[in-house]
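Visitor: I would like to learn how the terms for a protein model are applied. Please show me the structure.

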Amino acid sequence: MKVVLFCGGYGLRMRAGANDDIPKPMAMVGPRPLIWHVMRYYAHFGHKEFILCLGYGAHHIKNFFLTYEETVSNDFVLRGGRTELLTTDIADWTITFAQTGIESPIGERLRRVRHHLDGDEMFLANYADVLTDAPLPEMIDRFSRRDAGASMMVVPPQSSFHCVELGQDGLVGGITPVSDLPLWENGGYFVLRQEIFDHIPENGDLVADGCAQLAKRGRLVAHRHRGFWKPTDTVKERAALDEAYARGDRPWAVWERERAGTGVSA
């Protein structure tokens, strides 16, 4: 299936300073940017046709792939001054780079790449800045057997705050971690049918408009995931992932885990 990645936002909370114009999906985790980790996740499960919805900082994303260095993340042999790759990352990927506007909401970005989907009944979509170890084949299979227009992966609340129950005279009746509440958050991994386009108006949003309308019609399903899931909305969150990568704690790198027994380095 084709994978639509929304990678045109400003990512203001990820900025390192006034002169930092790198879009959020290009923030580094280990030797590669976030968008690469997300794409490797999909490619591992056989989905290697990508449509990048570009906007702010598009030149950084284009340049990364146009000057891609396979040797950064693959083993190779240097023989006679020539590089012979033992493995490859993106040689069999197809990537469409589509400028979808600087200020466009997510839904509008999706609308502007509809013609690149070739009328495919189902396709995948992602914010390009969230890492997970979710079982993608299971997510797709469950949705394919449902009569619905969209599937949204949902995760438990990530906040470390506590909710306080107040009684009379300001007495506290209980304290509950937000993560223990019977609530779910949008996890940013979508399986969509063409029906989604019927509910996204011009300059509309994918979730607030498209998914919300499908939910009202009973045509939005959720895939609950309690495993690894980490957003990268802030510099602190990105740094935490980078540190985890450095110490070899990479649950999102499913391609490494399943190749570990072969002796081949990812």
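Visitor: How do you know how many contacts join residues at least 24 apart in the protein?
Guide: A contact means heavy atoms within 4.5 Å. Among contacts between residues at least 6 apart in sequence, 74% join residues at least 24 apart. This is a predicted model: local features need pLDDT of at least 70, side-chain atom pairs count only at pLDDT 80 or more, and totals for chains, interfaces and linings use all residues. Residues are numbered from 1 along each chain as its sequence is written, and side-chain values use heavy atoms, leaving out hydrogens and water.

Visitor: Why is the pair E195 and R219 called a salt bridge?
Guide: The term asks for a side-chain nitrogen of Lys or Arg within 4 Å of a carboxyl oxygen of Asp or Glu. The closest N and O atoms of E195 and R219 are 2.7 Å apart, so the pair qualifies.

Visitor: What makes R247 and D249 a salt bridge?
Guide: Their N to O distance is 3.8 Å, so it falls within the cut-off of 4 Å. The structure holds 19 salt bridges.

Visitor: What does D249 count as?
Guide: D249 has 38% relative accessibility, so D249 counts as partly exposed.

Visitor: And how much of the protein is buried?
Guide: Buried residues make up 45% of the 266 residues.

Key: Buried < 20%, exposed > 50% of the residue type's maximum accessible area, 1.4 Å probe, protein only.
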